[in-house]
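The following exercises are to be worked with the sequence and the structure at hand. Each task is followed by a solution in steps.

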Amino acid sequence: TAVGFGMDPDLQIDIITELDLVNTTLGVTQVSGLHNASKAFLFQDTEREIHAAPHLSEKLIQLFRNKSEFTFLATLQQKASTSGVILSIRELEHSYFELESSGLRDEIRYHYRFNGKTRTEVFPYRLADGQWHKIAVSLSASHLLLHVDCNRIYERVIDPPETNLTPESNLWLGQRNRKHGFFKGVIQDVKVIFIPNGYITQCPNLNRTCPTCSDFLSLVQGIMDLQELLAKMTAKLNYAETRLSQLEDCHCEKTCQVNGLIYRDKDSWVDDDHCRNCTCKSGAVECRRMSCPPLECPPDALPVHVESQCCKVCKAKCIYGGKVLAEGQRVLTKSCRECRNGVLVKVTETCPPLNCSEKDHVLPENQCCSVCRGHNFCAEGHRCGENSECKNWNTKATCECKNGYLSVQGDSAYCEDIDECAAKMHYCHANTVCVNLPGSYRCDCVTGYVRVDDFSCT
């Protein structure tokens, strides 16, 4: 389909020519571009309507129909730190193809539709810098390529976009619709090409099949470096085999060292500090929180934590002035009283002096002595598990689960890992396998595939 630097005109659309942009078009002015081979136009920050006539929309619909490969090309100079849509093919509120450049986030965004739903691929790249750039977005079924200035910036596997445009579809240049996404800058050489690897028409030097002299010398140098590396690795392997033959009669056992104590493989113990049952497995410590039985207290008692015990126990509650107090909680009446075994007992402790003005005095929940505003309750030894964090509030401290963890039986002081893979709370794409990690997960490539990014393989 492509011969030399030209190609079949029936397989491409020159958007600038087809839209017939002239100086009389509202919001657009012809200016000098990157080169004089084609017209360049300045898209100004005013209301405008640059969209295709019915005959061009019909041509677009016919070319896109049942096509799985196409490339969008443009040469542009976007005003620094601005955001706008370069090209949009849409029906009412739905985008079949939309390329957007955000100078606020330094991103290039590709919007498309899959199974009737809108999808977006985000590529971190600064296009809005006031400089000239060539950009090419190539789609081949579910394979997406992004070239900027003839450099392959991103290669990604996505859901195959819908290309069967509806009769109501229309093309907009330099904007999303009549009111939104106005592009600010100069655009020229805007084309849609329906051949494989259409970016080659913008950057013909990328279509090299034979190495140059420089390439050949680099290959020779690379082979020499690999030969030297192979010789070193062979020497190291021979040394390792010699050492290994001397260890064949030895039996090694991996142990675990915890708080100065050494545990043998498969040994188990109780970690009282965090209420966990731990086991040594091949040199790694695996711990699980001790499970507590469901606690149903009688009407006159409440569940509370007791020193040196992991599970809550029922303790008699106290009632004063309609307020319910659990064991150990205090209330300030004429004097300080504490709930003990269902009875309010007078407490004679003296409150320490405060180094702040009276208006900054704060009375903590269930306490009798005031503290200064901004007091660090967590520093007083508020107990939170290893997977939760202590958080200060105005009158108390609470425990909150870390990201990727969930509270155990509704108690955020103890949290357990969320299995994002089993719960399908992950973003692993096709050709990957989700692997659960403590507080997170990762996407491993299926055998025979190589990584594209953190979430997809090809």
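Strands are DSSP runs of E of at least two residues, and helices are runs of H or I of at least four, both numbered from the N terminus. The model is a predicted one.

**Exercise 1. State how the protein is divided into domains, and describe the span that UniProt lists as "domain: EGF-like".**

Solution. Step 1: the division gives domain 1 (12-207), domain 2 (256-289), domain 3 (300-348), domain 4 (351-407) and domain 5 (418-457). Step 2: an unreviewed UniProt entry lists residues 417-456 for "domain: EGF-like". Step 3: in the model, the span 417-456 is 0% helix and 42% strand, and its end C-alpha atoms lie 24 Å apart. Step 4: taken over C-alpha atoms, the centres of domain 3 and domain 5 are separated by 49 Å.

**Exercise 2. Locate the largest pocket: which domains does it lie between?**

Solution. Step 1: the volume of the largest pocket is about 1,500 Å³. Step 2: its lining comprises 35 residues, and those closest to the centre are Gln 329, Gln 367, His 382, Arg 383 and Ala 397. Step 3: at least two lining residues come from each of strand 21 (301-304), strand 31 (397-401) and strand 33 (411-417). Step 4: sorted by class, the lining holds 13 nonpolar, 11 polar and 11 charged residues. Step 5: because domain 3 and domain 4 both contribute to the lining, the largest pocket lies between them.

**Exercise 3. Carry out the analysis for the second largest pocket: which strand gives the largest share of its lining?**

Solution. Step 1: this pocket has a volume of about 550 Å³. Step 2: 20 residues line the second largest pocket, with Cys 287, Arg 288, Arg 289, Asn 387 and Glu 416 nearest its centre. Step 3: strand 19 (276-281), strand 20 (284-289) and strand 33 each provide at least two of the lining residues. Step 4: strand 20 gives the largest share, 5 residues. Step 5: the classes are 7 nonpolar, 5 polar and 8 charged. Step 6: domain 2 and domain 4 both supply lining residues, so the second largest pocket lies between them.

**Exercise 4. Characterise the disulfide of Cys 150 and Cys 203, and that of Cys 384 and Cys 399.**

Solution. Step 1: the whole structure contains 14 disulfides. Step 2: Cys 150 and Cys 203 are joined with an S to S distance of 1.9 Å, and the link is left-handed, at -85° about the S-S bond. Step 3: this pair connects distant parts of the chain, 53 residues apart, with Cys 150 between strand 12 (143-148) and strand 13 (151-157) and Cys 203 between strand 15 (185-193) and helix 3 (213-246). Step 4: Cys 150 has 26% relative accessibility and therefore counts as partly exposed, whereas Cys 203, at 4%, is buried. Step 5: the sulfur atoms of Cys 384 and Cys 399 are 2.0 Å apart, and their link is left-handed at -90°. Step 6: Cys 384 lies in the loop between strand 29 (371-372) and strand 30 (388-392) and Cys 399 in strand 31, so the pair ties together parts 15 residues apart in sequence. Step 7: both Cys 384 and Cys 399 are buried.

**Exercise 5. Is Lys 266 buried or exposed?**

Solution. Step 1: Lys 266 sits in the loop between strand 17 (261-263) and strand 18 (268-271). Step 2: its phi is near 75°, a positive value in a residue other than glycine. Step 3: exposed means over 50% relative accessible area. Step 4: Lys 266 has a relative accessible area of 68%, so Lys 266 is exposed.

Conventions
Residues numbered from 1 in each chain as written. Predicted model: local features only at pLDDT ≥ 70, side-chain atom pairs only at ≥ 80, totals over all residues. Heavy atoms only, no water. 1 Å grid on protein atoms, 1.4 Å probe; cavity = no way out; pocket = protein on both sides within 12 Å on 5 of 7 lines; lining within 4 Å. Points joined across faces, edges and corners; volume = space filled by probe spheres on them. Nonpolar A, V, L, I, M, F, W, Y, C, P; charged D, E, K, R; others polar. Domains from an automatic or database assignment. Buried < 20%, exposed > 50% of the residue type's maximum accessible area, 1.4 Å probe, protein only. UniProt positions renumbered as here; feature names shortened; annotations may be inferred. Disulfide = S-S within 2.5 Å.
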